[in-house]
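Hello,

Here is the structure for your files.

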Amino acid sequence: MKRFPVTLRAKAPAKINLSLDLLGKRDDGYHDLRSVMASISLYDDLHIMLRPCKAGRGLFTAQAAGVRKGNLTSLAVKLFMEAAGARGWSAHVRVEKRIPLSAGLGGGSSDAAAVLRALDKWAAVQTAVRRPDLQELALKLGSDVPYCLRGGVCLAEGRGERLTPLPPLPECWIVLSVPAINVSTVRMFQLFDLSGRREGDNVFETVNPHPEVGEIKQVLLQAGASKALMSGSGPSVFGIFDDETQAADAVQTLKPIFPKTFLTVPV
């Protein structure tokens with residue numbers, strides 16, 4: 001049967017950490033965590049181009065503005081296609097980035113998970129291609145990828161691979177603001193390990209060195225947010241609002257100072 005090029009499209013939602021606790025360092029170098037995560041309506045768009053090629057000559061790549069080569073997305077393509085035995089195909093992913101980079105929002109992990117979901121649907125209708133275990137591939141890619149594969153509201157434990165679905169959030173509006181500062185996730189883990197402090201809903205806030213986080217939280221709470229918290233290792237800060245007008249007003253207050261400010265909802 002003649003094979004033709006195929007284009008797949010997928011959306012990758014950002015995630016926020018409604019809570020985040022680190023329970024200790026493991027023998028494998030990772031940390032045991034306990035975190036409640038939720039998906040929000042800020043998306044990257046992915047375009048996956050699959051082309052037939054001679055067996056053994058497949059090339060699996062991905063590109064996104066501002067993202068270095070060898071990113072999680074390109075690794076997700078490679079792992080899936082190799083596990084699926086898709087030797088007669090090449091794949092290239094183009095990512096339209098909307099989720100800010102290195103912001104504690106799981107953008108790279110969500111892109112990788114979106115690739116796995118899209119390729120799994122493609123493999124389901126290919127007679128000569130296997131459907132690998134997506135959860136197994138997700139954990140190889142990173143601690144947040146298993147959650148991003150599932151989405152919604154979940155309690156994540158272990159490295160992030162033990163997921164317990166939770167009820168969806170009630171109707172609300174989530175204001176997300178990302179200050180223009182660089183945060184190293186590795187450095188935040190190091191600071192946490194040195195401090196040993198486990199206070200608040202996100203333990204990384206106890207070692208966060210950036211005053212912008214506190215400034216954004218104060219604006220959100222003064223605007224009427226029922227909760228304001230840094231997401232993941234930061235520097236993103238979100239506020240949860242019961243009132244859409246208050247949420248929109250908070251966006252207008254923050255955006256002139258922090259241009260990467262978004263009004264989102266749970267998804």
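The sulfur of Cys154 is too far for a bond: the closest cysteine sulfur, in Cys148, is 10 Å away. A disulfide here is a pair of cysteine sulfur atoms within 2.5 Å. Cys172 is in no disulfide either, with the sulfur of Cys154 nearest at 16 Å. The disulfide count is zero. Cys154 is buried at 1% relative accessible area, and Cys172 is buried at 6%. (Buried is under 20% relative accessible area, exposed over 50%, partly exposed in between; 1.4 Å probe, protein chains only.)

This is a predicted model: local features need pLDDT of at least 70, side-chain atom pairs count only at pLDDT 80 or more, and totals for chains, interfaces and linings use all residues. Residues are numbered from 1 along each chain as its sequence is written, and side-chain values use heavy atoms, leaving out hydrogens and water.

Now the rings. There are two aromatic pairs. (Rings of Phe, Tyr and Trp, the last by its six-membered ring, pair with centres within 6.5 Å; planes under 30 degrees apart are stacked, over 60 edge-to-face, the rest tilted.) Trp89 and Trp122 pair edge-to-face, 5.3 Å between centres and 85° between planes. Both are buried. Phe189 and Phe204 also form an edge-to-face pair, at 5.1 Å and 90°. Phe189 is partly exposed at 24%, while Phe204 is buried at 3%.

Two charges sit over rings. Lys11 lies over the face of Tyr43, 5.2 Å from the ring centre. (The rule: NZ of Lys or CZ of Arg within 6 Å of the ring centre and within 35 degrees of the ring normal.)

Best wishes
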